[in-house]
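Hello,

Here is the structure I said I would pass on. My notes on its packing and its pockets follow below.

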Amino acid sequence: MAEPTRRVMLAATVAAAAGSLGLAGCKGIAALGPIPKLSPDVVSLEHAIAAEELMVATYRAAAEQLAAGGQAHRLSAAVTAIQAEHQAHLARLRARLVLPPRLAKAKLRGARLSPLPTDSVGILGALVADERDAVTRLTHQLVAAPPALAQLMASIAASEAAHVVYLRRAGSA
């Protein structure tokens, strides 16, 4: 008599396992219990990402508005340079976010973009206020963040504070 092949043995094993699971009333992954909530660290990181996404969008809108109005070339160049830095911050934050497959496809929800003032002085004031708010928000999040994330957030907060100085200098020239 010929001995069964590995394929035949594997098929028989799978069939037996499937049959016993069916008889046991297997509920699939639901049998493991409710899906755990995201950790506070992940939630904090998601909030930082959403805020940085909003900052990138704000700077993009400001750069477009300044360019369209032909206003303050030096200020427009500063806004474009800072936007690039915010995109780099966003990339660094996103690189730290590792989500399970069920959540990886979900789009993070951020705040809505507020309309910017129409003049360059108003735009400058709005950007400076946003940068100050970012510094405050990030420094408050440092306390609860794990060390590596706290270090990144502190670095970004310092950069945001430097942006305030850079914008003021660009606006005064």
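The model is predicted. Its largest nonpolar core has 19 residues, of which Tyr59, Ala62, Leu75, Val79, Ile123, Leu127 and Leu167 touch the most other members. At least two residues of this core come from each of helix H2 (40-69), helix H3 (73-96), helix H5 (120-141) and helix H6 (147-172). H5 gives the largest share, 6 residues.

Another core lies apart from this one; it has 17 residues, including Val42, Leu45, Ile49 and Ala157.

**Two residues in detail**

Leu75 is one of the core members that touch the most others. Neighbours within four places in sequence aside, Leu75 is in contact with Leu66, Ser120, Leu124, Leu167, Ala170 and Gly171.

Gln83 sits in helix H3. Is Gln83 buried or exposed? Its relative accessible area is 11%, and the cut-off for buried is under 20%, so Gln83 counts as buried. Not counting residues up to four places away in sequence, Gln83 touches Val56, Tyr59, Arg60 and Ala63.

**Largest pocket**

The volume of the largest pocket is about 250 Å³. It is lined by 14 residues, and Leu54, Met55, Thr58, Asp130 and Asp133 are the closest to its centre. H2 and H5 are the elements that contribute two or more residues to the lining, and the largest share, 5 residues, is from H5. Sorted by class, the lining consists of 8 nonpolar, 2 polar and 4 charged residues.

Regards

Terms used
Residues are numbered from 1 along each chain as its sequence is written. This is a predicted model: local features need pLDDT of at least 70, side-chain atom pairs count only at pLDDT 80 or more; totals for chains, interfaces and linings use all residues. Side-chain values use heavy atoms; hydrogens and water are left out. A nonpolar core is a set of buried Ala, Val, Leu, Ile, Met, Phe, Trp, Tyr and Cys residues joined through side-chain atoms within 4.5 Å. Buried means under 20% relative accessible area, exposed over 50%, partly exposed in between (1.4 Å probe, protein chains only). Helices (H or I, at least four residues) and strands (E, at least two) are DSSP runs, numbered from the N terminus. Contact means heavy atoms within 4.5 Å. On a 1 Å grid over the protein atoms alone, a cavity is a set of points where a 1.4 Å probe fits but cannot get out, and a pocket is an open set with protein on both sides within 12 Å along at least five of seven lines; lining residues have an atom within 4 Å of a point. Grid points are joined across faces, edges and corners, and a volume is the space filled by probe spheres set on the points. Ala, Val, Leu, Ile, Met, Phe, Trp, Tyr, Cys and Pro count as nonpolar, Asp, Glu, Lys and Arg as charged, and the others, Gly among them, as polar.
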